[in-house]
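I opened this notebook to record what I looked up in one structure. The entries follow the order in which I consulted it.

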Amino acid sequence: MMESKGAGIVTWERCSRNNFRKYMETQMKMKVKELKQETMTVTEYEAKFPELLRCPAYVEYEHVNIQPDLTYVEQPMEIIDRKEQVLRNKVIKLVRMVWRNHNVEESTWELESEMLERYPHLFSE
């Protein structure tokens, strides 16, 4: 049985992140298509491509606390789906988590019991 409580809710953060990515991809494709060699040498023309595909300087980012061993602690943002995995002798409840600094496509299925224990604030609905 799959329960999709909250799966249809789109937060402003998720919407703006997805739309920004699509907008940037479209803008980059347009710039590449519009690029003409005209009077440039092949070397100059070739040098324009990395320039066009570079990430713009105005992209906002969130600070990540990097540990001395170059790791960081993952923080959950929201639960986007729930399901029950039926095995022979038991049923395992799972939740699909979206993590900070990751997009929705990188969400993971986690044990509901563990997430409830670690992050009870995500279950207060």
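The entries below go from the whole chain to single residues.

**Entry 1. Ground rules.** I note that this is a predicted model, in which local features need pLDDT of at least 70, side-chain atom pairs count only at pLDDT 80 or more, and totals for chains, interfaces and linings use all residues. Residues are numbered from 1 along each chain as its sequence is written, and side-chain values use heavy atoms, with hydrogens and water left out.

**Entry 2. The chain as a whole.** I looked up the secondary structure and found three helices and four strands. Here helices (H or I, at least four residues) and strands (E, at least two) are DSSP runs, numbered from the N terminus. Along the sequence the order reads β-α-α-β-β-β-α.

I then looked up burial, where buried means under 20% relative accessible area, exposed over 50%, and partly exposed in between (1.4 Å probe, protein chains only). Of the 125 residues in the chain, 19% are buried. The accessible surface, from the Shrake-Rupley method with a 1.4 Å probe, is about 10100 Å², and carbon and sulfur atoms hold 54% of it.

For contacts (heavy atoms within 4.5 Å), I recorded that 45% of those with a separation of 6 or more are between residues 24 or more positions apart.

**Entry 3. The strands.** How do β2 and β3 run, and how many bridges join them? They run antiparallel and are joined by nine bridges; two strands pair if DSSP finds at least two bridges between them. The two strands form a hairpin, with four residues between them. Within this pairing I located D81, which stands opposite R96 in β3.

Strand β3 also pairs with β4 (residues 108-111), in the antiparallel sense and over four bridges. There L94 stands opposite L111 in β4.

**Entry 4. Aromatic rings.** I searched for pairs among the rings of Phe, Tyr and Trp (its six-membered ring), which pair if their centres lie within 6.5 Å; planes under 30 degrees apart count as stacked, over 60 as edge-to-face and the rest as tilted. The count came to one aromatic pair. W99 and Y119 have ring centres 6.4 Å apart and planes at 80°, so the pair is edge-to-face. It links distant parts of the chain, as W99 is in strand β3 (residues 91-99) and Y119 in the segment after α3 (112-118), 20 residues apart. Is W99 buried or exposed? W99 counts as buried because its relative accessibility is 11%. Y119 is likewise buried, with a relative accessible area of 14%.

I also checked for a charge over a ring (NZ of Lys or CZ of Arg within 6 Å of the ring centre and within 35 degrees of the ring normal). K83 lies over the face of W109, 4.5 Å from the ring centre.

**Entry 5. Positive phi.** Most residues other than glycine have a negative phi. E38 has a phi near 40° and lies in the loop between α1 (12-34) and α2 (42-53). L70 has a phi of about 65° and lies in the loop between α2 and β2 (76-86).

**Entry 6. H121.** Where is H121 placed? H121 is in the segment after α3, and it is exposed, with a relative accessible area of 53%.
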